[in-house]
Amino acid sequence: MKNKENILIIGAGLCGSLLALRMAQRGYQVQLIEKRPDLRKTDISAGRSINLAFSNRGIKAMKLVGLEQKALEICIPMNGRMIHDQEENTFLSPYSGLDHEYINSISRTDLNALLLDEAEKMENVSIQFNQECLEVNSEKATATFKDYHSGEETTFVADLIFGTDGAGSALRKSMMNDRSFLFSFSQDYLQHGYKELTIEPSKKGDFQLYKNALHIWPRGENMLIALPNLDGSFTVTLFMSYAEGDYNFNNITSAAKAEEYFEKYYPDALKLMPNLGEEFFENPTGALGTVKCSPWYSHGKSLLMGDAAHAIVPFYGQGMNASFEDVVVFDEALENHTGDWEATFKAYQKARKKDTDAIADLAIDNFYEMKEHTAAPIFQQKRKLETALEQEFPAEYASKYRLVTFQEQIGYAEAMQRGRAQDKAMLRLISKEKINDRMTLEEKLKLVKEETKTILEEDSVAY
């Protein structure tokens, strides 16, 4: 192992822990510093995003560091969306027409702990917790931290600084304040927030809903989702407007009103949530925002990655997968430009930015699709046709969801362009009744492909 540059990574969440492990595997000296306590010793979830949808792009990253199997051992496969209507009926909408293509529910804490444990085993990795980053000087590659317990301030000097410190990134703030270059930044919030709740296991310790699905209760303006956990519980997330509608986060001010709301819109879920009234007010309401910025690097000495560079809303289940894929793409850039950090950072951003912008936009699209369209007859008809085409012609047809989630060799930007055109083509053909039950699947596929091609050509002319 060659002794290479000293690297400081700010933020030991999922992206930072993975990056620390990969850079250590490449022989760099790594200092990983986190403002929160060690999640392996303290429960720091506090009602916020405790499980995640883990899919092919994330799995590819775990394979890169040799942890694919260990990660999959702590997963629960989810084969599709289990849609719950207001009359308590359910139906399963598969994520793909192919049985081997599914997403996984995984505990954020368990996955982060796995990465920290593996990074800690490396001799060239040092990890510190409870250290808040106060300021970063990218030009000098220094960062000052304050210890939460002692109040002591320490300045670290490194050769390179990576900011994997989330949507409120200290490194990004320092780049915004650096007048030596032009920095663009946008932060957009949905007018909806989220609150995490729980469906506990049965008294026997069993799952009280179908285990292998992401459950969704689409209700137009608002929606509820639930993901399974290894202990038999489900993490339930309510996505709701802050101020709009008869029921919203601002006007649900009592346990009785929370239960009244659930009784009206999610009666089957309420039956499994005896502690709803307490939990609703114990757990915080989180905001849902999108961060875009550019450039991601400065002075050839610092780089933003993960949510620090491109935070997205959670509706495509790709936030963590996108951050993990960052590490894979960065690793490729580093392989091609080792020794020239400016060139490495530039090549990385050029390869990655268009894709992270695309998944941010797709996640917003999917917010509206999940809360409004999943229960609509035309959407269900489209999904039924997509699933049939994927089953019969997997090499010739892939839905937008399949392109994004299961075809990791395709970038998000390409998946978005192709997927949106296909969606438009299918909905157009179905609504005009150009597709009917008398046609063979092959004839339907031919029509969809022709219409998609026309739309892609129209889009290219428009741009």
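Predicted model: local features only at pLDDT ≥ 70, side-chain atom pairs only at ≥ 80, totals over all residues.
Colleague: Fine. How many helices and strands are there in the protein chain?

Modeller: Both kinds of element are DSSP runs numbered from the N terminus: helices are H or I with at least four residues, strands are E with at least two. On that basis the protein chain has 15 helices and 19 strands.

Colleague: What radius of gyration does the protein chain have?

Modeller: That radius is taken over C-alpha atoms, and the globule rule is 2.2 Å times the number of residues to the power 0.38. The C-alpha trace spans about 70 × 55 × 40 Å along its principal axes. With 463 residues, a compact globule would come out near 23 Å, which agrees with the chain's own value of 23 Å.

Colleague: And what percentage of the contacts with a separation of 6 or more comes from residues 24 or more positions apart?

Modeller: Contact here means heavy atoms within 4.5 Å. Taking contacts in the protein chain with a separation of 6 or more, residues 24 or more positions apart account for 70%.

Colleague: Let's zoom in. Is Ile10 buried or exposed?

Modeller: Ile10 lies in strand 1, residues 6–10. Not counting residues up to four places away in sequence, Ile10 touches a list of residues including Ile33, Cys133, Phe145 and Asp165. Buried means under 20% relative accessible area, exposed over 50% and partly exposed in between, using a 1.4 Å probe and protein chains only. Ile10 has a relative accessible area of 3%, so Ile10 is buried.

Colleague: Which residue's backbone oxygen does the side chain of Asn56 reach?

Modeller: Asn56 is in helix 2, and at 19% relative accessible area it counts as buried. A polar contact is a pair of N or O atoms within 3.5 Å; within protein, one must be able to donate a hydrogen and the other to accept it, and residues adjacent in sequence count only if both atoms are side-chain atoms. The backbone oxygen that the Asn56 side chain reaches, at 3.0 Å, belongs to Phe406.

Colleague: Last one: which side chain of opposite charge is nearest to Glu196?

Modeller: Glu196 has its place in strand 13, residues 184–199, and its side chain makes a 3.3 Å polar contact with that of Thr237. Lys and Arg count as positive, Asp and Glu as negative, with His and the chain ends not counted; a salt bridge is a side-chain nitrogen of Lys or Arg within 4 Å of a carboxyl oxygen of Asp or Glu. Glu196 is buried yet has no salt bridge. The nearest side chain of opposite charge, 7.9 Å away, is Arg108.

Terms used: Residues numbered from 1 in each chain as written. Heavy atoms only, no water.
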